[in-house]
Amino acid sequence: MIELDRYSREEMYKPFDEPWHAEVFAVTVHLSERNLFSWVEWTDALSEQISKVKLRRYIDGSNDYYNLWLQALIELISTKGITDAEAILDVQNRWADAYRNTPHGKPVKL
Amino acid sequence: MPHDHDENHVHNLLPAEPALRVKALETILVEKGLLDQQAVDAIIDEYEQRIGPHIGAKIVARAWNDPAFKSMLLADSEAVLREEGHAGRQGEHVVVVENTNTVHNLVVCTLCSCYPWPLLGVPPAWYKSDAYRSRAVSEPRRVLSEFGIDIPKSQSVRVWDSTAEIRYLVLPMQPRESVGLPTPELAKWVTRNSMIGTGLPQRPKDDQR
């Protein structure tokens with residue numbers, strides 16, 4: 001059982017713990033507003049992802065949660081035929097190489 | 001291929017794996033013409049800078065000071081929020097539930113994290129945790145005591161499970177010692193947690209009286 005105390009007293013509004021949480025949140029809202037999927041489709045996809053992992057362990061509301069969010073988003077747009085996990089991994093590796101090969105201080109580009 | 005740390009500081013720091021995956025996803029969506037990076041940045045800015053619990057607090061404070069507004073809010077919150085310009089995304093179908101001497105309301109989303117964004121912004125991490133989402137329903141009084149509030153036996157605890165279609169905002173009871181304050185002052189008493197039901201309004205820290 002996870003203690004809630006750690007969070008409960010904290011009243012400060014801090015919408016996102018990490019920049020990528022904000023990115024994946026905003027990308028999802030944006031795609032839904034562009035009608036690539038409805039918000040109900042989205043919450044169904046996210047709920048399914050959360051319920052899958054729930055059986056095995058408690059998830060936190062930060063990195064765990066947004067990892068599931070990201071997974072749900074990738075699966076949802078894959079079912080729409082927009083892209084798939086393999087294509088994303090490919091571009092991800094290219095970005096990783098670009099970071100490794102770009103001298104410090106220079107902008108990283110693909 | 002692991003990053004070669006012998007060449008420390010020579011290269012840019014490699015972002016964490018999920019951050020890179022999001023970046024890759026954005027790259028693909030931009031290439032396909034499905035994503036406008038400026039629009040994404042504007043959404044982030046909106047939730048980081050403009051929208052937050054201070055908006056819900058103003059509504060609650062006004063309801064405390066204006067009985068007619070309060071009646072309208074409880075009867076048809078959608079119409080009131082639309083009129084006030086707070087019907088943005090996830091703001092449709094917000095139901096305002098009032099705490100009384102006999103009922104304390106608590107809001108949760110058991111399946112994911114539905115939440116009245118235009119009034120409270122993005123939910124806090126604990127709201128999205130498994131611990132809160134499951135325990136708020138199974139043992140609400142115990143969860144509330146972990147949040148530091150003990151609900152007397154005379155008050156029943158009603159748990160509202162949000163969905164993509166309906167979201168809830170708690171109208172907390174006004175603390176007696178705040179009666180008579182002007183609405184902008186009252187708004188400072190309204191904490192985020194008090195509008196979720198996991199807290200009570202509090203005297204603002206900068207209040208010297």
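How many Å separate the centres of domain 1 of chain B and domain 2 of chain B? Taken over C-alpha atoms, the answer is 31 Å.

This is a predicted model, where local features need pLDDT of at least 70 and side-chain atom pairs count only at pLDDT 80 or more, while totals for chains, interfaces and linings use all residues. Residues are numbered from 1 along each chain as written, chains are lettered from A and ligands numbered from 1 in written order, and side-chain values use heavy atoms, leaving out hydrogens and water.

**View 1. The domains of chain B.** Chain B splits into domain 1 (14–48) and domain 2 (51–196); these bounds come from an automatic or database domain assignment.

**View 2. Where chain A meets chain B.** Here 65 residues from chain A and 71 residues from chain B are in contact (heavy atoms within 4.5 Å). Buried area is the accessible area (1.4 Å probe) that two parts lose on being put together, summed over both. For this pair that's about 6,000 Å², with carbon and sulfur atoms giving 64%.

**View 3. Polar pairs across the chains.** Look for twelve residue pairs in polar contact between chain A and chain B, both residues at pLDDT 80 or more. A polar contact is a pair of N or O atoms within 3.5 Å; within protein, one must be able to donate a hydrogen and the other to accept it, and residues adjacent in sequence count only if both atoms are side-chain atoms. On the side of chain A that touches chain B, helix 2 of chain A gives the most, with eleven residues. Helices here are DSSP runs (H or I, at least four residues), as are strands (E, at least two), numbered from the N terminus.

**View 4. Confidence.** pLDDT is the predictor's confidence in each residue, from 0 to 100. Chain A has a mean of 87, and chain B has a mean of 90. Among chain A's elements, helix 1 has the lowest mean (47) and helix 2 the highest (96). In chain B, strand 2 (residues 103–108) is highest, at 98.
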